[in-house]
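Work through the exercises below with the sequence and the model side by side, and try each task before reading its solution.

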Amino acid sequence: MTTVGEFMTTRLVTMDGNETLIAAAQEMRDSAIGDVVVTDGSNVVGIVTDRDITVRGVAENMDPGSTQLSQITTRDVITVSQYDDVVAAADLMRTYAVRRLPVIDDGRLVGLISMGDLAVEREPQSVLADISADDPNN
């Protein structure tokens, strides 16, 4: 069995829900990532993606300088363990129509696994795997 822990990303960016959309967008730009995990202390409360900032924030005419992440955070995120099977993680992504799953171990955030991570593992010749394996172009 191939586990989530073998392919998860451990280079995580977490932000408090009180941070602004601009702060999150700048962090995503500077870290060349597409999401931040939203926390309250050490607890994971949700996730915000670059798409969330665009669709839930800017397109809804929210001021990115004053709107807090907590206002657009996807809550009730589905999580996995680093010991879970990658096929089960892919099934969860399909079932819940999500592209990323936080990886939790003993109540602690230890990683994140994305569709791109799974594509590199499961379908290395696919276009998604090629794109996911390349260096960011931004």
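The model is predicted, so local features need pLDDT of at least 70 and side-chain atom pairs count only at pLDDT 80 or more, while totals for chains, interfaces and linings use all residues. Residues are numbered from 1 along each chain as its sequence is written, and side-chain values use heavy atoms, with hydrogens and water left out.

**Exercise 1.** Determine how many helices and strands the chain has, and in what pattern they follow along the sequence.

Solution. Take helices (H or I, at least four residues) and strands (E, at least two) as DSSP runs, numbered from the N terminus. The chain then has five helices and five strands, and reading along the sequence gives the pattern β-α-β-β-α-α-β-β-α-α.

**Exercise 2.** Identify the residues of the largest nonpolar core and the elements that give two or more residues to this core.

Solution. Begin with buried residues (under 20% relative accessible area, with over 50% exposed and partly exposed in between, for a 1.4 Å probe and protein chains only). A nonpolar core is a set of buried Ala, Val, Leu, Ile, Met, Phe, Trp, Tyr and Cys residues joined through side-chain atoms within 4.5 Å. The largest one has 12 residues, namely V13, M15, L21, A24, M28, I33, V36, V38, V48, I53, L69 and I72. A second, separate core has 11 residues, including M8, A89, I113 and L118.

**Exercise 3.** Decide whether S114 counts as buried or exposed, and find which residues S114 is in contact with beyond its neighbours within four places in sequence.

Solution. First place S114, which is in strand β5 (residues 108-114). Its relative accessibility is 18%, and therefore S114 counts as buried. Beyond the neighbours within four places, S114 is in contact with M93, R99 and R100.

**Exercise 4.** For the chain of 138 residues, state what percentage of residues count as buried, and what percentage of contacts between residues at least 6 apart in sequence join residues at least 24 apart.

Solution. Of the 138 residues, 36% count as buried. Among the contacts described, 51% join residues at least 24 apart.

Key. Contact = heavy atoms within 4.5 Å.
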